[in-house]
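Good morning, everyone. Let me walk you through one structure. Please have the sequence and the model open.

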Amino acid sequence: MPAGSTTAKAPAKTPAKRAPRAKAAPKAQPAPPPEPKPTALGIRQIYKRFGSTVALDGVALEVPEGSFFGIVGPNGAGKTTMLSIVSGLLRPDSGQVVVHDVDVWKDPNHAKRLIGVLPDRLRLFDRLTGAQLLFYSGTLRGLDAKTVKTRVDDLVTAFGLDGAVGRLVADYSAGMTKKVALAAAMIHSPRVLVLDEPFESVDPVSAANIIEILQKYVAAGGTVVLSSHSMDLIQRVCDRVAIIVAGVVLDSGTADEVRGGKSLEDRFVELAGGRKAAEGLEWLHSFSE
Ligand SMILES: Nc1ncnc2c1ncn2[C@@H]1O[C@H](COP(=O)(O)OP(=O)(O)OP(=O)(O)O)[C@@H](O)[C@H]1O
């Protein structure tokens, strides 16, 4: 027997009672990619000239349902022209716009029921009071009087216009006019809101209020497309962005994709061709009197 070996038999181990093996948890499957959202607004190869000025040079954009979509671009880039075409106010030379599968230019009546518009140059019936204007807007959209009245009351409260609705719109300040026009654009609960510079002239408290209204609208499945010169605001509230320069979309996508790690303002300045040096105005510094 080899040294070191032992004859003592180890006591036979009574097999420990095994706990019943827990069923293996099913392997976690990677979450399927989210279904792409349907297109709320499709802008397809839009061209528009005014005489020799090319305002839109083949603009194409897809805006998914439930987006808060911001359009930025320098003065004269074509933002208003594009939003006017999208909302059926201006006919393109060629191209197509669809809103929830309805062709804006083939079926304008149907398309306009789906869209609420805040145009750039407001042409409101300003000899009406705010309340009359809102009532008129709702009635024009085919709502019955009782529904319009309820919605007018809700909108007036939401936009903080309580003290102003009895006055003529012609006497409103620029910001109040913007707010009443925005309320009028929403009264028929459209599926897409097209807003050209909605925050221009609006004070910061009212702007925050409007943003909250729009965010709730988007959370409920509505789609907002707006233009603004406030890069900070667009960066803060929009989940998708397009940068338009000289009638061409130079970049579009999620806000993070477009920013590419920079601020939206820096990216905008980069695409818009950089800042111009403020030279040649020396005469401005030699005051006449
Ligand atoms: N009715 C019109 N007649 C002639 N030219 C026009 C008309 N409307 C727009 N344009 C021209 O088309 C181009 C695009 O103008 P648009 O108003 O769409 O620009 P924008 O991006 O909205 O500018 P801004 O930021 O200054 O509001 C500009 O060169 C403008 O002068």
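Which element gives the most to the shell around the ligand? Helix α1 does, with 3 residues.

Two notes before I go on. Residues are numbered from 1 along each chain as its sequence is written. This is a predicted model: local features need pLDDT of at least 70, side-chain atom pairs count only at pLDDT 80 or more, and totals for chains, interfaces and linings use all residues.

Now the overall count. The protein has 9 helices and 10 strands. Helices (H or I, at least four residues) and strands (E, at least two) are DSSP runs, numbered from the N terminus.

Back to the ligand. Around the ligand are Phe 50, Thr 53, Ala 55, Gly 73, Asn 75, Gly 76, Ala 77, Gly 78, Lys 79, Thr 80 and Thr 81. A residue is near a molecule if its C-beta atom, placed from the backbone, lies within 6 Å of it. Two elements give two or more residues to this shell: β2 (53-64) and α1 (79-86). By class, the shell has 3 nonpolar, 7 polar and 1 charged residues. Here Ala, Val, Leu, Ile, Met, Phe, Trp, Tyr, Cys and Pro count as nonpolar, Asp, Glu, Lys and Arg as charged, and the others, Gly among them, as polar.

Next, the sheets. Strands β2-β1-β4-β5, in that order, form an open sheet of 4 strands with antiparallel pairing. Two strands pair if DSSP finds at least two bridges between them. β2 and β5 (102-103) are the edge strands, each pairing on one side only. Strand β1 (residues 39-50) runs antiparallel to β2, joined by 9 bridges. Thr 39 stands opposite Pro 64 in β2. And α1 comes back here: it lies across β1, β2 and β4 (94-99), at about 120° to β1. Axes are lines fitted to C-alpha atoms, for helices over the stretch in contact, and angles run from 0 to 180 degrees between N-to-C directions. Contact means that two C-beta atoms, placed from the backbone, lie within 7 Å.

The other sheet is open too, with 6 strands in the order β6-β7-β8-β3-β9-β10 and mixed pairing. β6 (115-118) and β10 (248-254) each have a single partner strand, so one side of each is left without a neighbour in the sheet. From one strand to the next, the twist averages 15°. Strands β3 (residues 68-72) and β9 (residues 240-245) run parallel, joined by 4 bridges. Ile 71 has Ala 242 in β9 as its bridge partner. Helix α9 (residues 264-271) lies across β3, β9 and β10, at about 25° to β9.

Last, the interior. Of 289 residues, 35% count as buried. Buried means 20 or more other C-beta atoms within 10 Å of a residue's own, exposed means 12 or fewer, and partly exposed is in between; C-beta atoms are placed from the backbone.

Which residues touch the most other members of the largest nonpolar core? Val 180 and Val 224 do, in a core of 72 residues. Helix α5 (residues 174-186) gives the largest share, 8 residues. A nonpolar core is a set of buried Ala, Val, Leu, Ile, Met, Phe, Trp, Tyr and Cys residues joined through C-beta atoms within 7 Å. Beyond four places in sequence, Val 180 touches Gly 130, Leu 133, Leu 134, Leu 161, Val 169 and Tyr 172.

Helix α3 (residues 130-140) has buried residues including Gly 130, Leu 133 and Leu 134. The buried residues of α3 pack against α4 (145-158) and α5. Just after α3, Gly 142 takes a positive phi of about 90°.
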